[in-house]
Amino acid sequence: TDWKMFLFIGDSNVGILYIAAIGSMGFYGMLIGGWASGSKYSLLGGLRAVAQLVSYEVAFTMSILGVVMQAQTRSLNGLGYAQKELLSLRLDDILDSAQDDIALHIAATLQDGELHLVDRHFVRKDGTHIDVDLVASLVSYGRRQAVLVLARDFSQRKAFQRQLVRG
């Protein structure tokens, strides 16, 4: 094969960012409403409302910043490794599959452009397993291509399913 395998771990949880982005689009209506009325006083009122909304959004973003930083730290420590240790790991160090199996899936992703793997296991530093759902996509930037793999932990969901089946 002529590809290299690198591991980058990051939190892909962008739900709060998405909610903040969609919620802050309300100022367009106020600004366009003030402009569409044709009066300079209505336009100034729209600008005033937009200024108030922007100042609220800055305070809102700053208030959730601590929570987001804590969540990032917790998710990075989910495998039990320190952040510096994660940078030296390879994909086959934390994925509970043979290296040939991983290479086969990466080759399939390169050929098809996307691959969805369900019910895989990541290995923590202490040897325990995390149930994950993997989605791999081919990403092109410039003349380079990379395989982006997103792993979603669903071990709690599987534990709840086992409890439902038992009881």
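Helices, as counted here, are DSSP runs of H or I with at least four residues, and strands are DSSP runs of E with at least two, both numbered from the N terminus. By this count the protein, which is a predicted model, has seven helices and three strands. Read from the N terminus on, the elements follow the order α-α-α-α-α-α-β-β-β-α. Of the 167 residues in the protein, 21% are buried, and the accessible surface comes to about 12,400 Å², with 60% of this area belonging to carbon and sulfur atoms. Among the contacts between residues at least 6 apart in sequence, 43% join residues that are at least 24 apart.

Strand β2, which spans residues 129-141, runs antiparallel to strand β3, residues 144-153, and the two are joined by 10 bridges. The hairpin formed by β2 and β3 has two residues between the strands, and in it Gly 142 adopts a positive phi near 65°.

The largest nonpolar core of the model comprises 12 residues, namely Leu 79, Tyr 81, Leu 86, Leu 89, Ile 94, Leu 95, Ile 102, Ile 106, Phe 122, Ile 130, Val 132 and Leu 134. Two or more residues of this core are supplied by each of α6 (99-112) and β2, and β2 gives the most, with three residues.

Strand β1, residues 114-123, contains Arg 120. The relative accessible area of Arg 120 is 22%, and Arg 120 is therefore classed as partly exposed, given that buried means under 20% and exposed over 50%. Arg 120 and Ala 151 are 31 residues apart along the chain, and their C-alpha atoms are separated by 9.3 Å.

Asp 131, a residue of strand β2, is buried yet has no salt bridge, the nearest side chain of opposite charge being that of Lys 158, at 4.3 Å. Not counting residues up to four places away in sequence, Asp 131 touches Asp 119, Arg 120, His 121, Arg 152, Asp 153, Phe 154, Ser 155 and Lys 158.

One of these partners, Phe 154, lies in the loop between β3 and α7 (155-166). Because its relative accessibility is 5%, Phe 154 counts as buried. Beyond its neighbours within four places in sequence, Phe 154 is in contact with Asp 119, Asp 131, Val 132 and Asp 133. Phe 154 and Asp 119 are 35 residues apart in sequence, and the distance between them in space, taken from C-alpha to C-alpha, is 8.8 Å.

A further buried acidic residue, Glu 57, is also without a salt bridge, and the nearest side chain of opposite charge, that of Arg 48, is 17 Å away. Glu 57 has its place in helix α3, which covers residues 40-76. With residues up to four places away in sequence not counted, Glu 57 touches Ala 20, Gly 23 and Ser 24.

Note on methods
Residues are numbered from 1 along each chain as its sequence is written. This is a predicted model: local features need pLDDT of at least 70, side-chain atom pairs count only at pLDDT 80 or more; totals for chains, interfaces and linings use all residues. Side-chain values use heavy atoms; hydrogens and water are left out. Two strands pair if DSSP finds at least two bridges between them. Buried means under 20% relative accessible area, exposed over 50%, partly exposed in between (1.4 Å probe, protein chains only). Contact means heavy atoms within 4.5 Å. A nonpolar core is a set of buried Ala, Val, Leu, Ile, Met, Phe, Trp, Tyr and Cys residues joined through side-chain atoms within 4.5 Å. Lys and Arg count as positive and Asp and Glu as negative; His and the chain ends are not counted. A salt bridge is a side-chain nitrogen of Lys or Arg within 4 Å of a carboxyl oxygen of Asp or Glu. Accessible areas come from the Shrake-Rupley method with a 1.4 Å probe; for residues, only the protein chains shown count as cover.
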